[in-house]
Amino acid sequence: MINFAFPYAFLLLFAPLIIRHFFPNVKGLHGDALKIPFIEDLQKITLKSGGIWGSYLGKKASQASLFLLYLLYISLVFAAARPQWIGEALPVRSQSRDIMLIMDISNSMLEPDFAIGRQRINRLIAAKKTASDFLDKRANDRVGLILFGTRAYLQAPLTYDKASVKDILWNMDAGMAGNSTSIGDALGLALKNLKSEKNDKVIILLTDGENNDGSLSMQDAISLAEDENIKIYTIGVGNESAFIDSIFGIQLGIARNSALDEKSLKELAQKTKGRYFRAKDTQSLQQIYNEIDKLEPSANTNQYVRETKELFYIPLCAALLLLFIILLREKKND
């Protein structure tokens, strides 16, 4: 597609007509020129010896030369309008978010108090499925993964390769990082990996327990997170009821005490301007990730760029060529 950067330059095409028809003829320094009987002889002398300007100002200027002069002027006007070739619109990736997922894989995550349909599943499988669905929606963001139990491990640094992160997510098992829970260490590791990044940063922490191991206490981790100014969403998973199957195939719920430290998770979310969520079943866990997806919308992809090539040199070269032809004609007429 051809576009002109300065289309108003085409108004200059009418300048010669305006000057010719609306402005008075140039007079001499002492009034109108005197009429003399040998003016025609002077015009002939001008045509022969006056050069290019004498040729065009004289009444005997050839129409062909005048036509070439007009073409030269039109070419210069086209060059001044700055013609451009505009290519197809291509989408560009805008600034993305850096999202670090922190997931508890201690043995308590094997508690089968979640379900998909009528099939009873453990907390870890539910967390894997919902986190995987969440990753599918973050196509334009970088995502990292930290798994923790007794120790915290960076399993996937920040990357656009969501498929690799999902593979790691589905292949990990409870107990691989130990049986206790080091929430503080996992959070400290996430903050360390996000500290030098320039994009918007978000941490999503999922756990079903309390910080009972590791070198970093929960309060120390909260203070560090607050200082780093990184938004943190915390998710507490687990049902207060333990489910057992009766001899009649009916599932019964038995009340039990939860080890989840909701107070610290709420405080962590509050001080980092995030939110705390409670997931008691698979459906609520899925809704939580959907809510986070709304709170932290994916990077905008509705931005486009078009390749632009300047073409002003084409009419400019045409003008130079016409000038060369005019000069050759003048030399030939001399």
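A salt bridge here is a side-chain nitrogen of Lys or Arg within 4 Å of a carboxyl oxygen of Asp or Glu. The model is predicted, so local features need pLDDT of at least 70 and side-chain atom pairs count only at pLDDT 80 or more, while totals for chains, interfaces and linings use all residues. Residues are numbered from 1 along each chain as its sequence is written, and side-chain values use heavy atoms, with hydrogens and water left out.

**Salt bridges**

Begin by selecting Glu296 and Arg97, which form a salt bridge whose closest N and O atoms are 2.9 Å apart. Glu296 sits in the loop between helix 10 (282-295) and strand 13 (304-310), whereas Arg97 belongs to strand 3 (residues 97-104), and the two are 199 residues apart; helices (H or I, at least four residues) and strands (E, at least two) are DSSP runs, numbered from the N terminus. Both partners are buried, a term that stands for under 20% relative accessible area, with exposed meaning over 50% and partly exposed in between (1.4 Å probe, protein chains only).

Next, select Asp98 and Arg142, whose side chains meet in a salt bridge at 2.9 Å, N to O. This pair also links distant parts of the chain, with Asp98 in strand 3 and Arg142 in strand 6, 44 residues apart. Asp98 is buried with a relative accessible area of 0%, and Arg142 counts as buried at 18%.

Because Asp136 lies in helix 5 (residues 123-136) and Lys166 in helix 6 (residues 162-171), the pair ties together parts that are 30 residues apart in sequence. Asp136 is partly exposed, its relative accessible area being 48%.

Across the whole structure, a search finds 14 salt bridges.

**Thr150**

Finally, select Thr150, in the loop between strand 6 (142-148) and strand 7 (152-159), which counts as buried at 18% relative accessibility. Its side chain makes a polar contact of 2.8 Å with the side chain of Ser180, where a polar contact is a pair of N or O atoms within 3.5 Å; within protein, one must be able to donate a hydrogen and the other to accept it, and residues adjacent in sequence count only if both atoms are side-chain atoms. A polar atom of the Thr150 side chain also lies 3.2 Å from the backbone nitrogen of Asn179.
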